[in-house]
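Hi everyone, thanks for coming. Please bring up the sequence and the model on your screens, and we will walk through them together.

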Amino acid sequence: HKNLPEGQVKELVTKVSSTLPVRPAPDRQQEVDSSSAESDQVSYLPLRNTELPVVEATPLETTRVAPVSVARVKTPTSPSPAPLELARAAIENGELSTAEMIQQRRLRLVPGDKDARELLLGLMLRGGRYDTAAQQLDQGLKQHPGHVKFSLIKARLLAQSGEIAAAISFLESFVPSAVGRVEKLQMLGALYQQQARYEQAVDSYRQLLELNPTAGTAWVGLAISLDGLGDIAALQAYDRALRFGGLPEAAESYARQRFRELEMTVD
């Protein structure tokens, strides 16, 4: 450079410096290097002397979480058929002995099951096993004293076996609800007639007519009882029985015959 004039030296320095790459100042080199890994994500560098606001981290609120009790999930299962349903299904299939066995097993476990005992009684009566049915009735009445169905079946079984006096005595001591009172009076009236106790039969049929004044069967029962006493009021009772109707064929035929016979005696 000693051979070049001073002015040319400045000009040459200027040209050379303009062609050289510009590098950051030494004091910023470290900052640039540390941020080069993030250059793809950050498009700017913070100023060196700029103070950034301090963000105080709030402590996380700790809440006490109660332990969650996990209920045991039961897999759904179809309920087992009730003994009564099983017995009825067996009856529909003609398996009467199976149905009876099911009900007997049920009654050993639950002696107070009225429905099971009623069905068992029906099976025994259908098979003509009246003695066994009577034993079941006695057990049923111990469990359910005064039960209408059991009491009426017991009275019928006594009458059917020829024990009319015992059947009457049982019915007279039986005090049913309003539902069973009609059947009790009908049965008592018929049993009194069989023993020729017409006055008591008349009383039973009159009570029955107070409950149902248009019952043809009650009127014919009253007519027969009055006829047994020789009371001429039987004629009017036969007439009303025929007017209201609803009589069994044999009872209607007898009522017509006696009405004509009594009508002739009155004339």
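Predicted model: local features only at pLDDT ≥ 70, side-chain atom pairs only at ≥ 80, totals over all residues.

Residues are numbered from 1 along each chain as its sequence is written, and side-chain values use heavy atoms, with hydrogens and water left out.

The protein has 13 helices and zero strands; helices are DSSP runs of H or I with at least four residues, strands are E runs of at least two, and numbering starts at the N terminus. Of its 267 residues, 28% count as buried, meaning under 20% relative accessible area with a 1.4 Å probe, protein chains only.

The crossing of α10 and α11 is left-handed: the near helix is turned anticlockwise from the far one by less than a right angle. The axes of α10 and α11 (residues 216–228) come within 9 Å and cross at roughly 155 degrees. Axes here are lines fitted to C-alpha atoms over the stretch in contact, with angles from 0 to 180 degrees between N-to-C directions. So α10 is roughly antiparallel to α11, a label for angles over 145 degrees. Residues in the contact (heavy atoms within 4.5 Å) include Tyr 198 and Tyr 205 of α10 and Trp 219 and Leu 222 of α11. By class, this contact has ten nonpolar, three polar and one charged residues. Nonpolar covers Ala, Val, Leu, Ile, Met, Phe, Trp, Tyr, Cys and Pro; charged covers Asp, Glu, Lys and Arg; the others, Gly among them, are polar.

Now try α7 (residues 148–160) and α8 (residues 164–173), whose axes come within 7 Å and cross at roughly 160 degrees. The two helices are therefore roughly antiparallel to each other, and their crossing is left-handed. Leu 152 and Leu 158 are among the α7 residues that meet α8, where Phe 170 is one of the partners.

One last stop: Ala 196, in the loop between α9 (178–194) and α10 (198–211). Most residues other than glycine have a negative phi. Phi of Ala 196, though, is positive, near 60 degrees. Is Ala 196 buried or partly exposed? At 47% relative accessibility, Ala 196 counts as partly exposed, the class between 20% and 50%.

Key: Parallel < 35°, antiparallel > 145°, perpendicular 65-115°, else oblique.
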